[in-house]
Amino acid sequence: MTDKLPPLIAADDPVDDEDDDIFSSTIDDLSSLRNEELYASAAIVPPPLTNISLNDEPSTVESHVPLYDTKEEQPEPSNEVVSNGFEAEINLKENDTITTTKEIDQVEEIPNVSINDKNIENSYIKISISETTKVGEGMSSYVAYRIVTRTNLPMFKSNNLAVLRRFSDFLGLHNKLTEKYLRNGRLIPPAPQKNMLGSTRIKISGNQSDQTTSAEFIEKRRLALERFLKRIALHPILRNDKNFCEFLEQDCELPKATSTSALSGAGVMRLFNKVGETVNKITYKMDENEPWFEEKEVQIENLDLQLRNLHGAVESLVINRKELAHSSGSFAKSAAVLSNCEEHTGLSRALSQLADVFEKVESVRTEQANTDFSIFCELLKDYIGLIGAVKNVFHERVKVYQNMQHAQMILTKKRDQKTKLELTGRLDKVGTVTNEVTEWEAKLSRCQDEFDQISKTIKVEFEQFEINRIKEFKTVISSYLEEMINHQTQIIKHWQAFIPEAKAIA
């Protein structure tokens, strides 16, 4: 009976650039379109939520979230969409770079950066996307994002950098980092998802309503791209990568990605490869020998499920808060009309004041709904993507294991073939088969080393991922509670101001 060999796994295909992939994004686009129409005006979120620090522990996030003093004047709401974190600069310490670099310099090509410099303790990098510009007109137009970097890291040529990049450039950067580091077990932060409907709306926006919606879409994408770059900068290996440094400082147009259209030959092949990857994940079950990986795979699956459930619940919460705010506004209008019809002066004045209170309450509840979306939904969406990146790293280990098993089976066959030739006396072919046995023994040894190394690297990456996840969720929850208290305090103040007017009805 012929032995069945596990399939050899090919490298992942390049990520598409700015042209939207209709095979993978249309369903998400419909959901995002609903959200864009629902959240037409987003309120401002509290000041910077996080202070990203890499002191002592690599890539940790420290939370210092001051609660508003109810006696102080509260910030005025605005229609600006703001980020849910990663606002402060990233400070680097010597220990952060040294510990991680020692781990992998035998496997990955690390840039020649002096980590023993006495000034590295005070190193920092701060990345922001300060503005956006629409380039061109019609379907050939695109949005350029201005990236401003302030740093004193030695791999950069200047302390202050500013470049223009289009969305496809960000996807190209993610693709390069994935090709270079995913095979080694590095956790690559996911790039923001493409949105075909949103991108098309930007290209053809004409009336004021379309322009307003397009501006909101661009602002949300700007913040997502900014968080993407900051997560890369937070990683002690990825931030030293040559491609990342060139992305931030090369003040010229980057080479266009080779595969740009979902309907091109490369796009169709990418679709089939995705299907093949999915089938392989479902059909192939690795004989796991390490309990740690079994435990973490179950944890990741549960975390992914619960994050998606929570994301859906927060979306429902936002919808309900919006409906409550709308109902408060309707009540305010009805009370105002009734006050005009009421002949009793005191009662008419009280109804008019009641209408004013409900208008203010409507505004507060709208802000609260926007806060739920801006803080919680964005965080959960980011981490659903990060969980997907963790799954990709775990699957990469499975692919390495498959290749190792393939090499083991081929080696076994070659050894059996050599034994049969020696027993039958066909010594003229023994030498050739012996060389093949030696070659496959070397391949098996390399596969084993690669499997051991990727297993070790994944453990380090996952451990740091958990640290960052807990820190960031702690920061966001603190900020969310702060905003909840702030909104409820405002509502209480509005009702307390109305009590004397209600008591004054004679």
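Modeller: A salt bridge is a side-chain nitrogen of Lys or Arg within 4 Å of a carboxyl oxygen of Asp or Glu. The model here is a predicted one.

Biologist: Why is the contact of Lys230 with Glu226 called a salt bridge?

Modeller: Their closest N and O atoms are 3.5 Å apart. The cut-off is 4 Å, so the pair qualifies.

Biologist: Where do Lys230 and Glu226 lie?

Modeller: Both are in helix α5, residues 208-234. They are 4 residues apart, about one turn of the helix.

Biologist: Are Lys230 and Glu226 buried or exposed?

Modeller: Lys230 is buried, and Glu226 is buried too.

Biologist: What makes Glu288 and Arg397 a salt bridge?

Modeller: The N to O distance between their side chains is 2.8 Å. The pair links distant parts of the chain, 109 residues apart: Glu288 sits in the loop between α7 (265-283) and α8 (291-341), Arg397 in helix α9 (residues 345-424).

Biologist: How do you know that Glu288 counts as buried?

Modeller: Its relative accessible area is 16%. Buried means under 20%, so Glu288 falls in that class.

Biologist: What makes Arg397 buried?

Modeller: Arg397 has a relative accessible area of 2%. That value is under 20%, so the term applies.

Biologist: Which distance joins Glu436 to Lys414?

Modeller: Their side chains meet in a salt bridge at 2.9 Å, N to O. Glu436 belongs to helix α10 (residues 430-503) and Lys414 to helix α9, so the bridge ties together parts 22 residues apart in sequence.

Biologist: Why is Glu436 called partly exposed?

Modeller: The relative accessibility of Glu436 is 26%. Buried is under 20% and exposed is over 50%, so a value in between counts as partly exposed.

Biologist: How many salt bridges does the rule give?

Modeller: The count comes to 24.

Biologist: Which residues are linked in a network of salt bridges?

Modeller: One network links Arg227, Arg231, Glu378, Asp382 and Glu472.

Biologist: Turn to the rings. How many aromatic pairs does the rule find?

Modeller: The count is 14. In one of these aromatic pairs, Phe293 and Phe394 are 5.8 Å apart, centre to centre, with 70 degrees between the planes.

Biologist: What makes Phe394 and Phe462 edge-to-face?

Modeller: The planes of Phe394 and Phe462 stand at 65 degrees and the ring centres are 6.1 Å apart, so the edge-to-face label holds. This pair, too, links distant parts of the chain: Phe394 in helix α9 and Phe462 in helix α10, 68 residues apart.

Biologist: How do you know that Phe394 and Phe462 are buried?

Modeller: Phe394 has a relative accessible area of 8%. Phe462 is at 4%. The limit is under 20%, so both count as buried.

Biologist: Which residues form one aromatic cluster?

Modeller: Trp292, Phe293, Tyr383, Phe394, Phe462, Phe465 and Phe473 do.

Biologist: What makes Lys443 a charge over the ring of Trp440?

Modeller: The charged end of Lys443 sits 4.1 Å from the ring centre. The distance limit is 6 Å, with a second test of within 35 degrees of the ring normal. Likewise, Arg166 lies over the face of Tyr142, 3.8 Å from the ring centre.

Biologist: Why do β4 and β5 count as paired strands?

Modeller: Strands β4 (residues 123-135) and β5 (residues 142-151) share 10 bridges in the antiparallel sense. Pairing takes at least two bridges, so they qualify. Lys126 has Arg150 in β5 as its bridge partner. Their hairpin has 6 residues between the strands, and Gly136 there takes a positive phi near 85 degrees.

Biologist: How do you know that β5 also pairs with β6?

Modeller: β5 and β6 (residues 160-166) run antiparallel and are joined by 7 bridges. At least two are needed, so this is a pair as well. Val148 has Ala162 in β6 as its bridge partner.

Biologist: What does the secondary structure of the protein come to?

Modeller: There are 10 helices and 6 strands. Of the 506 residues, 47% count as buried. Among contacts between residues at least 6 apart in sequence, 81% join residues at least 24 apart.

Terms used: Residues are numbered from 1 along each chain as its sequence is written. This is a predicted model: local features need pLDDT of at least 70, side-chain atom pairs count only at pLDDT 80 or more; totals for chains, interfaces and linings use all residues. Side-chain values use heavy atoms; hydrogens and water are left out. Helices (H or I, at least four residues) and strands (E, at least two) are DSSP runs, numbered from the N terminus. Buried means under 20% relative accessible area, exposed over 50%, partly exposed in between (1.4 Å probe, protein chains only). Contact means heavy atoms within 4.5 Å. Rings of Phe, Tyr and Trp (its six-membered ring) pair if their centres lie within 6.5 Å; planes under 30 degrees apart count as stacked, over 60 as edge-to-face and the rest as tilted.
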